[in-house]
Amino acid sequence: MSAKSFKFCALAVVTSICGFAAAPAFAQNAASVIQTSDQNVVQNGSGNVAVQGNVQTGVVNQLGGDVPYAGIQCFVAPCQLPGVNGATVVQGNHQTIDQVGVGNTAIQGNSSTANVLQGLGSYPFPYYPAMGVNGSQVLQGNAQTATQVGVGNSAVQGNAANATVLQD
Amino acid sequence: MFKPLSLGLLTALLPFLPSLTPAASAQCVMLDVSNQLAIHGSRTPSTQENNVSMASKGDCVGGAAVTTNAQTAVTPGDATQIRNSNSTITNGAQGVPNVPGLGSPTIQIPVNTQVDVYSPALDPSFMNGLFSGIPKPNIG
(Lines give C-alpha, C1' and ligand atoms only; values in the text may rest on other atoms or scores of the structure.)
Protein backbone atom coordinates (compact mmCIF):
# COMPACT_ATOMS: atom_id res chain seq x y z
CA MET A 1 0.00 0.00 0.00
CA SER A 2 1.44 3.27 -1.01
CA ALA A 3 1.72 6.19 1.33
CA LYS A 4 -0.85 8.09 -0.67
CA SER A 5 -3.40 5.31 -0.56
CA PHE A 6 -2.71 4.80 3.12
CA LYS A 7 -3.42 8.45 3.82
CA PHE A 8 -6.60 8.22 1.82
CA CYS A 9 -7.78 5.21 3.74
CA ALA A 10 -6.89 6.81 7.03
CA LEU A 11 -8.80 9.92 6.06
CA ALA A 12 -11.80 7.84 5.09
CA VAL A 13 -11.78 6.05 8.42
CA VAL A 14 -11.45 9.26 10.37
CA THR A 15 -14.22 10.83 8.35
CA SER A 16 -16.44 7.88 9.01
CA ILE A 17 -15.71 7.98 12.70
CA CYS A 18 -16.20 11.69 12.85
CA GLY A 19 -19.44 11.23 11.04
CA PHE A 20 -20.71 9.10 13.85
CA ALA A 21 -19.08 11.22 16.48
CA ALA A 22 -20.75 14.31 15.14
CA ALA A 23 -24.12 12.67 14.88
CA PRO A 24 -26.69 15.27 15.78
CA ALA A 25 -27.88 14.75 19.29
CA PHE A 26 -31.24 16.18 18.44
CA ALA A 27 -33.64 15.73 21.22
CA GLN A 28 -33.11 12.11 21.92
CA ASN A 29 -35.66 10.90 24.42
CA ALA A 30 -36.93 14.44 24.72
CA ALA A 31 -40.60 14.42 23.95
CA SER A 32 -42.41 17.11 25.82
CA VAL A 33 -46.04 18.12 26.17
CA ILE A 34 -46.81 21.65 27.28
CA GLN A 35 -50.39 22.62 28.06
CA THR A 36 -51.56 25.99 29.30
CA SER A 37 -55.02 27.34 29.97
CA ASP A 38 -56.32 30.73 31.08
CA GLN A 39 -59.97 31.18 31.93
CA ASN A 40 -61.46 34.44 33.15
CA VAL A 41 -65.03 35.28 34.09
CA VAL A 42 -66.16 38.72 35.21
CA GLN A 43 -69.82 39.29 35.96
CA ASN A 44 -71.37 42.58 37.03
CA GLY A 45 -75.07 42.20 37.60
CA SER A 46 -77.59 39.61 38.62
CA GLY A 47 -78.67 36.39 37.01
CA ASN A 48 -75.74 36.06 34.64
CA VAL A 49 -74.52 32.61 33.66
CA ALA A 50 -71.05 31.83 32.37
CA VAL A 51 -69.78 28.39 31.43
CA GLN A 52 -66.25 27.71 30.25
CA GLY A 53 -64.84 24.36 29.31
CA ASN A 54 -61.38 23.32 28.24
CA VAL A 55 -60.12 19.92 27.18
CA GLN A 56 -56.53 19.40 26.10
CA THR A 57 -55.10 16.03 25.21
CA GLY A 58 -51.54 15.50 24.06
CA VAL A 59 -50.21 12.03 23.37
CA VAL A 60 -46.71 11.25 22.15
CA ASN A 61 -45.86 7.66 21.35
CA GLN A 62 -42.30 6.92 20.42
CA LEU A 63 -41.30 3.42 19.49
CA GLY A 64 -37.82 2.10 19.72
CA GLY A 65 -35.23 2.14 22.44
CA ASP A 66 -31.85 3.56 23.13
CA VAL A 67 -30.02 0.73 21.46
CA PRO A 68 -27.78 1.79 18.62
CA TYR A 69 -28.47 -0.05 15.44
CA ALA A 70 -26.69 -3.38 15.34
CA GLY A 71 -23.60 -3.36 13.23
CA ILE A 72 -22.91 0.31 13.71
CA GLN A 73 -19.84 1.11 15.64
CA CYS A 74 -20.22 4.16 17.77
CA PHE A 75 -16.94 5.44 19.02
CA VAL A 76 -17.84 8.73 20.59
CA ALA A 77 -21.04 9.63 22.35
CA PRO A 78 -23.69 10.58 21.58
CA CYS A 79 -24.47 7.66 19.37
CA GLN A 80 -27.38 7.84 17.03
CA LEU A 81 -30.38 5.87 18.17
CA PRO A 82 -33.21 4.50 16.14
CA GLY A 83 -36.77 5.50 16.67
CA VAL A 84 -36.17 7.93 19.47
CA ASN A 85 -36.28 11.59 18.66
CA GLY A 86 -37.88 14.77 19.74
CA ALA A 87 -41.52 15.62 19.60
CA THR A 88 -43.06 18.70 21.14
CA VAL A 89 -46.75 19.34 21.64
CA VAL A 90 -47.80 22.78 22.78
CA GLN A 91 -51.44 23.47 23.52
CA GLY A 92 -52.79 26.79 24.68
CA ASN A 93 -56.21 28.00 25.68
CA HIS A 94 -57.45 31.46 26.59
CA GLN A 95 -61.07 32.16 27.43
CA THR A 96 -62.57 35.40 28.70
CA ILE A 97 -66.16 36.27 29.55
CA ASP A 98 -67.22 39.76 30.61
CA GLN A 99 -70.86 40.26 31.46
CA VAL A 100 -72.42 43.53 32.53
CA GLY A 101 -76.14 43.62 33.04
CA VAL A 102 -78.84 41.19 33.95
CA GLY A 103 -79.63 37.70 32.74
CA ASN A 104 -76.84 37.21 30.26
CA THR A 105 -75.58 33.78 29.23
CA ALA A 106 -72.19 32.87 27.77
CA ILE A 107 -70.85 29.42 26.96
CA GLN A 108 -67.33 28.75 25.75
CA GLY A 109 -65.81 25.44 24.85
CA ASN A 110 -62.41 24.32 23.69
CA SER A 111 -61.13 20.91 22.70
CA SER A 112 -57.57 20.34 21.49
CA THR A 113 -56.22 16.94 20.67
CA ALA A 114 -52.75 16.10 19.42
CA ASN A 115 -51.41 12.65 18.71
CA VAL A 116 -47.81 12.18 17.65
CA LEU A 117 -46.77 8.66 16.75
CA GLN A 118 -43.19 8.04 15.87
CA GLY A 119 -42.34 4.61 14.62
CA LEU A 120 -39.10 2.76 14.32
CA GLY A 121 -37.68 3.90 11.04
CA SER A 122 -35.23 2.22 8.80
CA TYR A 123 -31.62 3.04 9.33
CA PRO A 124 -29.84 4.26 6.21
CA PHE A 125 -26.41 3.13 7.15
CA PRO A 126 -24.14 5.01 7.36
CA TYR A 127 -26.00 8.26 6.88
CA TYR A 128 -27.74 10.51 9.32
CA PRO A 129 -30.41 11.14 10.25
CA ALA A 130 -32.48 8.03 9.95
CA MET A 131 -35.33 8.20 7.48
CA GLY A 132 -38.74 8.88 8.83
CA VAL A 133 -37.59 9.43 12.34
CA ASN A 134 -37.25 13.04 13.20
CA GLY A 135 -38.60 15.70 15.40
CA SER A 136 -42.16 16.88 15.12
CA GLN A 137 -43.89 19.85 16.63
CA VAL A 138 -47.57 20.50 17.12
CA LEU A 139 -48.83 23.90 18.16
CA GLN A 140 -52.47 24.43 18.96
CA GLY A 141 -53.97 27.64 20.23
CA ASN A 142 -57.40 28.85 21.15
CA ALA A 143 -58.61 32.29 22.19
CA GLN A 144 -62.20 33.11 22.93
CA THR A 145 -63.64 36.33 24.24
CA ALA A 146 -67.27 37.11 24.97
CA THR A 147 -68.28 40.57 26.13
CA GLN A 148 -71.91 41.20 26.90
CA VAL A 149 -73.44 44.46 28.07
CA GLY A 150 -77.16 44.66 28.58
CA VAL A 151 -79.99 42.35 29.37
CA GLY A 152 -80.65 38.82 28.19
CA ASN A 153 -77.74 38.34 25.83
CA SER A 154 -76.46 34.92 24.84
CA ALA A 155 -73.14 33.89 23.41
CA VAL A 156 -71.94 30.42 22.48
CA GLN A 157 -68.40 29.77 21.28
CA GLY A 158 -66.81 26.51 20.38
CA ASN A 159 -63.43 25.41 19.17
CA ALA A 160 -62.05 22.03 18.23
CA ALA A 161 -58.56 21.37 16.94
CA ASN A 162 -57.15 17.98 16.07
CA ALA A 163 -53.65 17.20 14.93
CA THR A 164 -52.20 13.81 14.11
CA VAL A 165 -48.61 13.18 13.11
CA LEU A 166 -47.58 9.72 11.99
CA GLN A 167 -43.99 8.84 11.31
CA ASP A 168 -43.00 5.35 10.28
CA MET B 1 -109.11 12.62 72.97
CA PHE B 2 -106.81 15.61 72.65
CA LYS B 3 -103.89 13.61 71.38
CA PRO B 4 -105.66 12.00 68.40
CA LEU B 5 -107.14 15.36 67.49
CA SER B 6 -103.82 17.18 67.54
CA LEU B 7 -102.21 14.39 65.56
CA GLY B 8 -104.91 14.60 62.93
CA LEU B 9 -104.57 18.36 62.74
CA LEU B 10 -100.83 18.10 62.30
CA THR B 11 -101.25 15.52 59.55
CA ALA B 12 -103.70 17.75 57.75
CA LEU B 13 -101.30 20.68 57.89
CA LEU B 14 -98.25 18.77 56.66
CA PRO B 15 -98.85 19.49 52.95
CA PHE B 16 -98.91 23.18 53.71
CA LEU B 17 -95.76 23.27 55.79
CA PRO B 18 -93.43 24.07 52.87
CA SER B 19 -95.37 27.23 52.18
CA LEU B 20 -94.98 28.20 55.78
CA THR B 21 -91.22 27.83 55.73
CA PRO B 22 -88.99 30.59 54.32
CA ALA B 23 -88.54 30.47 50.54
CA ALA B 24 -85.34 28.90 49.28
CA SER B 25 -82.94 31.59 48.27
CA ALA B 26 -81.64 31.65 44.69
CA GLN B 27 -78.02 31.70 45.57
CA CYS B 28 -75.28 32.18 43.03
CA VAL B 29 -72.82 29.37 42.41
CA MET B 30 -69.21 29.51 41.38
CA LEU B 31 -67.95 26.08 40.34
CA ASP B 32 -64.46 25.30 39.17
CA VAL B 33 -63.42 21.78 38.24
CA SER B 34 -59.94 20.97 37.02
CA ASN B 35 -58.34 17.64 36.18
CA GLN B 36 -54.70 17.39 35.23
CA LEU B 37 -53.25 14.02 34.29
CA ALA B 38 -49.66 13.46 33.26
CA ILE B 39 -48.19 10.07 32.40
CA HIS B 40 -44.58 10.36 31.40
CA GLY B 41 -41.43 8.36 30.81
CA SER B 42 -39.20 11.04 32.19
CA ARG B 43 -38.01 10.46 35.71
CA THR B 44 -38.46 14.13 36.38
CA PRO B 45 -41.81 14.96 38.01
CA SER B 46 -44.08 16.92 35.75
CA THR B 47 -45.01 20.53 36.35
CA GLN B 48 -48.65 20.89 37.26
CA GLU B 49 -50.20 24.15 38.37
CA ASN B 50 -53.82 25.05 38.94
CA ASN B 51 -54.27 28.62 40.08
CA VAL B 52 -57.89 29.35 40.90
CA SER B 53 -59.33 32.63 42.11
CA MET B 54 -62.97 33.14 43.06
CA ALA B 55 -64.39 36.43 44.28
CA SER B 56 -67.93 37.57 44.97
CA LYS B 57 -68.96 40.68 46.83
CA GLY B 58 -72.24 41.01 48.66
CA ASP B 59 -75.47 39.19 48.00
CA CYS B 60 -76.07 37.46 44.72
CA VAL B 61 -79.19 36.10 43.07
CA GLY B 62 -79.54 33.56 40.30
CA GLY B 63 -76.09 33.78 38.82
CA ALA B 64 -73.59 31.06 37.93
CA ALA B 65 -69.99 30.91 36.84
CA VAL B 66 -68.77 27.48 35.85
CA THR B 67 -65.28 26.74 34.57
CA THR B 68 -63.92 23.32 33.80
CA ASN B 69 -60.53 22.13 32.68
CA ALA B 70 -59.16 18.76 31.61
CA GLN B 71 -55.54 18.40 30.59
CA THR B 72 -54.07 15.05 29.67
CA ALA B 73 -50.49 14.44 28.64
CA VAL B 74 -48.93 11.10 27.72
CA THR B 75 -45.32 11.36 26.68
CA PRO B 76 -41.95 9.62 26.95
CA GLY B 77 -40.48 12.96 27.99
CA ASP B 78 -41.53 15.81 30.24
CA ALA B 79 -45.03 17.17 30.80
CA THR B 80 -45.98 20.71 31.76
CA GLN B 81 -49.53 21.68 32.64
CA ILE B 82 -50.36 25.17 33.82
CA ARG B 83 -53.84 26.52 34.34
CA ASN B 84 -55.11 29.88 35.56
CA SER B 85 -58.76 30.52 36.33
CA ASN B 86 -60.27 33.75 37.64
CA SER B 87 -63.96 34.28 38.36
CA THR B 88 -65.48 37.47 39.75
CA ILE B 89 -69.07 38.42 40.47
CA THR B 90 -70.02 41.92 41.55
CA ASN B 91 -73.41 43.54 42.05
CA GLY B 92 -74.96 40.10 41.98
CA ALA B 93 -78.24 41.38 43.38
CA GLN B 94 -78.61 44.30 41.00
CA GLY B 95 -82.21 45.07 40.17
CA VAL B 96 -83.52 42.39 42.46
CA PRO B 97 -86.22 43.45 44.96
CA ASN B 98 -84.95 43.56 48.48
CA VAL B 99 -86.81 40.56 49.74
CA PRO B 100 -85.51 39.10 52.99
CA GLY B 101 -83.87 35.77 52.40
CA LEU B 102 -83.74 36.09 48.63
CA GLY B 103 -80.15 37.16 48.22
CA SER B 104 -77.37 35.37 49.97
CA PRO B 105 -73.65 34.86 49.72
CA THR B 106 -72.33 33.00 46.73
CA ILE B 107 -71.46 29.34 46.97
CA GLN B 108 -67.91 28.66 45.83
CA ILE B 109 -66.92 25.12 44.88
CA PRO B 110 -63.37 24.50 43.69
CA VAL B 111 -62.49 20.95 42.67
CA ASN B 112 -58.94 20.13 41.74
CA THR B 113 -57.39 16.81 40.73
CA GLN B 114 -53.76 16.41 39.78
CA VAL B 115 -52.22 13.07 38.87
CA ASP B 116 -48.55 12.73 37.99
CA VAL B 117 -47.39 9.25 37.08
CA TYR B 118 -44.01 7.99 35.96
CA SER B 119 -44.51 5.10 33.59
CA PRO B 120 -41.56 2.79 32.94
CA ALA B 121 -43.38 1.61 29.83
CA LEU B 122 -42.82 5.07 28.38
CA ASP B 123 -39.22 5.25 29.50
CA PRO B 124 -37.02 4.15 26.58
CA SER B 125 -34.00 3.57 28.78
CA PHE B 126 -36.00 1.37 31.11
CA MET B 127 -37.54 -0.59 28.28
CA ASN B 128 -34.14 -1.07 26.79
CA GLY B 129 -33.06 -2.95 29.87
CA LEU B 130 -35.97 -5.32 29.50
CA PHE B 131 -36.20 -5.82 25.77
CA SER B 132 -32.86 -4.95 24.35
CA GLY B 133 -32.79 -7.93 22.02
CA ILE B 134 -29.94 -6.37 20.11
CA PRO B 135 -26.48 -6.78 21.57
CA LYS B 136 -25.03 -3.48 22.54
CA PRO B 137 -21.80 -2.46 20.91
CA ASN B 138 -18.88 -1.95 23.17
CA ILE B 139 -18.78 1.80 23.52
CA GLY B 140 -15.70 3.29 24.99
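Leaving aside neighbours within four places in sequence, with which residues is A:Ala50 in contact? The legends below begin with this residue. The model is predicted: local features need pLDDT of at least 70, side-chain atom pairs count only at pLDDT 80 or more, and totals for chains, interfaces and linings use all residues. Residues are numbered from 1 along each chain as its sequence is written, with chains lettered from A and ligands numbered from 1 in the order in which they are written.

**View 1. Surroundings of A:Ala50.** Contacts (C-beta atoms, placed from the backbone, within 7 Å) join A:Ala50 to A:Val41, A:Gln43, A:Ile97, A:Gln99, A:Ala106, B:Ala65 and B:Val66, leaving aside neighbours within four places in sequence.

**View 2. The largest nonpolar core.** A nonpolar core is a set of buried Ala, Val, Leu, Ile, Met, Phe, Trp, Tyr and Cys residues joined through C-beta atoms within 7 Å; buried denotes 20 or more other C-beta atoms within 10 Å of a residue's own, with C-beta atoms placed from the backbone. Of its 14 residues, A:Ala50, A:Ile97, B:Cys28, B:Cys60, B:Ala65 and B:Ile89 touch the most other members. At least two residues of this core are supplied by each of β2 (49-62) of chain A and β3 (64-75) of chain B, strands being DSSP runs (E, at least two residues) numbered from the N terminus. Another core, of 12 residues, lies apart from it and includes A:Ala31, A:Ala114, A:Val138 and B:Ala38.

**View 3. B:Thr106 in a loop of chain B.** The loop holding B:Thr106 runs between β4 (79-90) and β5 (107-118). B:Thr106 is buried because 23 other C-beta atoms lie within 10 Å. Not counting residues up to four places away in sequence, B:Thr106 touches B:Gln27, B:Cys28, B:Val29, B:Met30, B:Ser56, B:Cys60, B:Ile89 and B:Gly92.

Note on methods:
Helices (H or I, at least four residues) and strands (E, at least two) are DSSP runs, numbered from the N terminus. Two residues are in contact if their C-beta atoms, placed from the backbone, lie within 7 Å.
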